[in-house]
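Open the model in your viewer and keep the selection tool at hand. The stops below are given in the order in which to select them.

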Amino acid sequence: MRQHKRGIPHAAHLVVTMALVLASLVFSSRQAEADGEYTVQEVVDAGHGFFGETSGALAKVLEQAFERYGLPNGYILGQEGSGALIAGLTYGEGTLYTKNVGQHNVFWQGPSLGIDYGGNGTRAMMLVYDLPNVDSLYTRFGGVSGSAYIVAGVGMTVLKSRDVLLVPIRTGVGARLGVNVGYLKLTPTPTWNPF
């Protein structure tokens with residue numbers, strides 16, 4: 001009889017614990033929405049729809065980004081092309097998605113220099129962190145040292161300008177070998193000038 005009585009409090013404790021975990025998940029999802037941030041599931045769904053078949057590797061790269069930097073308050077989906085023979089250029093275009101101020105066209109371009117050659121065309125998803133307003137996106141973003149992370153053809157780097165972090169996640173076709181340094185300049189309209 002004592003064992004039966006003990007089982008009831010343990011079962012009740014388990015039910016209460018499960019309820020608290022579910023409430024915490026609902027609260028964090030609502031808190032993210034109130035803060036204008038995107039949840040992990042929202043970004044994963046957007047990435048799967050955009051990238052298609054690279055979903056397993058994409059999920060691992062996104063998991064790494066969320067572990068390191070938390071919830072973004074925006075993301076960009078777009079395409080880019082780049083090429084290099086020691087010095088290189090990158091050009092891209094896409095759409096910035098935010099919860100608070102809607103969608104905005106964005107273009108990016110940038111030079112690179114290094115032991116680098118080849119060309120590629122890629123789809124790119126860029127997570128945007130701590131963006132106070134859309135105009136703060138239109139500037140130059142430099143690379144953060146040691147920020148590269150690659151899984152099965154999907155790569156992530158980290159770029160920074162003031163307090164805003166930009167985390168490009170790319171996959172695509174082509175060959176571009178080597179190491180380079182450079183920056184991306186984001187603009188509201190297209191331009192050929194990467195500087």
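**Stop 1**

Select T95, which is found in strand β1; helices (H or I, at least four residues) and strands (E, at least two) are DSSP runs, numbered from the N terminus. This is a predicted model, in which local features need pLDDT of at least 70 and side-chain atom pairs count only at pLDDT 80 or more, while totals for chains, interfaces and linings use all residues. Residues are numbered from 1 along each chain as its sequence is written, and side-chain values use heavy atoms, with hydrogens and water left out.

T95 has a relative accessible area of 18% and is therefore buried (buried is under 20% relative accessible area, exposed over 50%, partly exposed in between, with a 1.4 Å probe and protein chains only). Now show what T95 touches beyond residues up to four places away in sequence: Y75, I76, L77, Q103, H104, N105 and V106. Contact here means heavy atoms within 4.5 Å.

**Stop 2: L77**

Move to L77, also placed in strand β1, which covers residues 74-97. L77 counts as buried because its relative accessibility is 14%. Leaving aside neighbours within four places in sequence, the contacts of L77 include A46, F50, T95 and M125.

**Stop 3: helix α2**

Select residues 40-51, helix α2: its 12 residues should span 16 Å at 1.5 Å a residue, and the end C-alpha atoms are 16 Å apart, so the two agree. The expected span is 1.5 Å times one less than the number of residues. Colour the buried residues of α2, which are V43, V44, A46, G47, F50 and F51. Seen down the axis, these buried residues fall within an arc of 165°, so they line one face of α2; the arc is that of the directions from the helix axis to the C-beta atoms. Just after α2, G52 takes a positive phi of about 80°.

**Stop 4: charges over rings**

Show the side chains of F50 and R123: the charged end of R123 sits over the ring of F50, 5.1 Å from its centre. Then select K99, which lies over the face of Y38, at 5.1 Å from the ring centre. The criterion is NZ of Lys or CZ of Arg within 6 Å of the ring centre and within 35 degrees of the ring normal.
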